[in-house]
Amino acid sequence: MSADPLGPALTAVEDAWPQFVAAVREHVGVRVGAIVKAGAPFRVARGAVEIGMEDAFAVRVATDNERALHDVLAGLMPQPPPVRWVIAPKDTVAT
């Protein structure tokens with residue numbers, strides 16, 4: 001079994017996360033930035049880096065702003081991986 005090719009992408013997104021959150025607050029909005037800040041990249045599954053969010057509302061806000069969030073990530077990474085916003089187990093999401 002080969003290693004997931006997105007494994008390094010998870011690490012890259014984790015490393016860029018603090019800058020990503022700050023850039024989201026600046027370019028997308030404070031409300032979306034606060035919601036994204038409460039989430040965290042936590043695994044690679046189904047061909048994307050999954051970002052664990054606290055609840056369905058947070059997932060919906062992130063999904064509704066997906067294009068803008070992708071643009072912010074693209075500004076921080078030369079080739080951003082696909083990202084999926086999901087509800088994560090409570091111990092996965094930063095509080």
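**View A. Residues at the contact of helix H1 with helix H2 in the predicted model.** Trp 17, Phe 20, Val 21, Val 24 and Arg 25 of H1 meet Val 30, Val 32, Gly 33, Ala 34, Val 36 and Lys 37 of H2, where contact denotes heavy atoms within 4.5 Å. The two helices pack at an angle of about 160°, and their axes lie 7 Å apart. H1 is therefore roughly antiparallel to H2, a label given to angles over 145 degrees, with under 35 counting as roughly parallel, 65 to 115 as roughly perpendicular and the rest as oblique. Axes are lines fitted to C-alpha atoms, for helices over the stretch in contact, and angles run from 0 to 180 degrees between N-to-C directions. By class, this contact holds eight nonpolar, one polar and two charged residues; Ala, Val, Leu, Ile, Met, Phe, Trp, Tyr, Cys and Pro count as nonpolar, Asp, Glu, Lys and Arg as charged, and the others, Gly among them, as polar. Because the model is predicted, local features need pLDDT of at least 70 and side-chain atom pairs count only at pLDDT 80 or more, whereas totals for chains, interfaces and linings use all residues. Residues are numbered from 1 along each chain as its sequence is written, and side-chain values use heavy atoms, with hydrogens and water left out.

**View B. Crossing of helices H2 and H3.** The axes of H2 (residues 30-37) and H3 (residues 56-64) come within 10 Å and cross at roughly 125°. The pair is therefore oblique. The crossing is left-handed, that is, the near helix is turned anticlockwise from the far one by less than a right angle (clockwise for right-handed). In H2, Arg 31, Val 32 and Ile 35 meet Phe 57, Ala 58 and Val 61 of H3. Five of these contact residues are nonpolar, none is polar and one is charged.

**View C. The largest nonpolar core.** This core has 23 residues, and Trp 17, Phe 20, Val 36, Met 53, Leu 69 and Trp 85 touch the most other members. A nonpolar core is a set of buried Ala, Val, Leu, Ile, Met, Phe, Trp, Tyr and Cys residues joined through side-chain atoms within 4.5 Å. Two or more residues each come from H1 (7-27), H2, strand E2 (48-53), H3 and helix H4 (66-76). H1 supplies the largest share, eight residues. Beyond its neighbours within four places in sequence, Leu 69 contacts Phe 20, Val 24, Val 28, Val 32, Val 36, Ala 62 and Trp 85.

View D. Ala 23 counts as buried, at 15% relative accessibility; buried means under 20% relative accessible area, exposed over 50% and partly exposed in between (1.4 Å probe, protein chains only). Not counting residues up to four places away in sequence, Ala 23 touches Val 28 and Val 72. The C-alpha atoms of Ala 23 and Gly 75 are 9.1 Å apart, although 52 residues separate them along the chain.

**View E. Arg 46 in the loop between strands E1 and E2.** Arg 46 is exposed, with a relative accessible area of 65%.

**View F. The chain as a whole.** Four helices and three strands make up the secondary structure, taken as DSSP runs numbered from the N terminus (helices H or I, at least four residues; strands E, at least two). Along the sequence these elements follow the pattern α-α-β-β-α-α-β. Of the 95 residues, 40% count as buried. Among contacts with a separation of 6 or more, 67% join residues 24 or more positions apart.
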